[in-house]
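Student: I'm new to this one, and I'd like a close look at a single part of it. Could you walk me through it slowly?

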Amino acid sequence: MPVYSISHVENVRVCVVMVGLPARGKSLIAQKIVRYLSWLSIKSKCFNVGTYRRKLVPCESTTAEFFDPHNEKGLKYREEALNSAMKDMMNWFTEDNGVVGILDATNSTRARRDKILKLCRENYIEPMFLESWCDDKDLVLQNIADVKTTSTDYVNKDEDYATKDFLQRIKYYEDIYETMDRDTDSDLTFIKLVNVNSQVILNKIESYLESRIVYYVMNLHIKPRCIWLSRHGESEFNLTGQIGGDANLSERGRRYAKKLPELVLKSFGEENKHTNLTVWTSTLQRTQQTASFLPYKKKLQWKALDELDAGECDGMTYEEIEQKFPEDFKARDDNKYEYRYRGGESYRDIVIRLEPIIMELERQENILIITHQAVLRCLYAYFMNVPQEESPWMSIPLHTLIKIEPGAYQTLVSRIKADIPAVSTYKEKGTSQLGELATGSTIKSRDLIKDSECVRNSMQQ
């Protein structure tokens, strides 16, 4: 069963309508909501009106003047882009049984919001407006810097030009912008985030699904930050092929622990070496031993970060499991995400217990998490929006530091491999042997963490 099935959300279909001036973090918030709900098995998709506009008009033609409210040609194209996005979203709700669609645009006037409201209600979809209102100049400039370096509108454009042009674009929107308030919009369901989450105004939040979205966005911030992920160093159980347990690090695992501070500093960059970093580990000793040489003062242990509970199979090798529980062994290969060990857990169970971790993680800035293979797969799947059926088969090797930089238009991933050998704990489907096969047939979509130093995962819809 899904964590939150459609029956649990009262069969309500919701359209989250983003509202706000440019450079207010709307696209980042929209993508985060999609990731979160998809991770919880709620079918979600973002429809970015800017993407539709770029299909109609070349980016080089969309200078700030294109967004002048008196530019009739620009208005025509922008209206056409909105109509196309809304049409595709309505088809997605009907044909793909979508549950939460997100219309990502400025939607800055009441007239435009009324048009969206009417279409949603005609199609029995609950509209929920989410406004990001911000007058924090530093945060706006920070967001502009992100847009001008990652948005396709400013590819190959001079930085000074991009900043000046984007500020003028914002000025045009400010001239017609109508914010949401409880008096004028008292009959609408809306969330208003003031300066990200300094203040949150809620109005007519009624359904369970709406409350889940509220709960999530109240924990968000949109400041640039990095998340580092690492498995513990090689353990004594890794050497023997046993799963679970609470083993100590091997000799090579201890070498990785000693090397880890250097890897983190290299990933951080010399200019950021004095930036605070909080370290999270599981309660198991192999993760704590891996963190023991890190110089950061704030280290927290989380039971929720403990490895998948193998139940009756704890301490066994895959060969032993295949011999003793052949039906279970096959069932896990057939549906690894849903399969629950006897007396233990499934990957879905990990997702449920990781939800508080995700909420706290979204509130924080720079975090280094040292955890276990299955848990790290689930965390990586959240950040990179990896389909559930693929996440348990991702190859995440030992002695590797992964850096994730979430952004509005893309999430950057880089990794640093320590020059310290370690066994492979990866089990291919259909075998009890550990280690990835050297044949080309094993290079599949599940191998999402590539050997390249930087992987760009486009977040545009």
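Student: Leaving aside its neighbours within four places in sequence, which residues is Arg255 in contact with?

Tutor: Quick ground rules before we zoom in. This is a predicted model, where local features need pLDDT of at least 70 and side-chain atom pairs count only at pLDDT 80 or more, while totals for chains, interfaces and linings use all residues. Residues are numbered from 1 along each chain as its sequence is written, and side-chain values use heavy atoms, with hydrogens and water left out.

Now to your residue. Arg255 sits in helix α9, which covers residues 251–268; helices here are DSSP runs of H or I with at least four residues, strands are runs of E with at least two, and both are numbered from the N terminus. Once those sequence neighbours are set aside, Arg255 touches Asp419, Ile420 and Pro421, where contact means heavy atoms within 4.5 Å. Take Pro421: 166 residues separate it from Arg255 along the chain, yet their C-alpha atoms are 9.9 Å apart.

Of the contacts between residues at least 6 apart in sequence, 71% join residues at least 24 apart.
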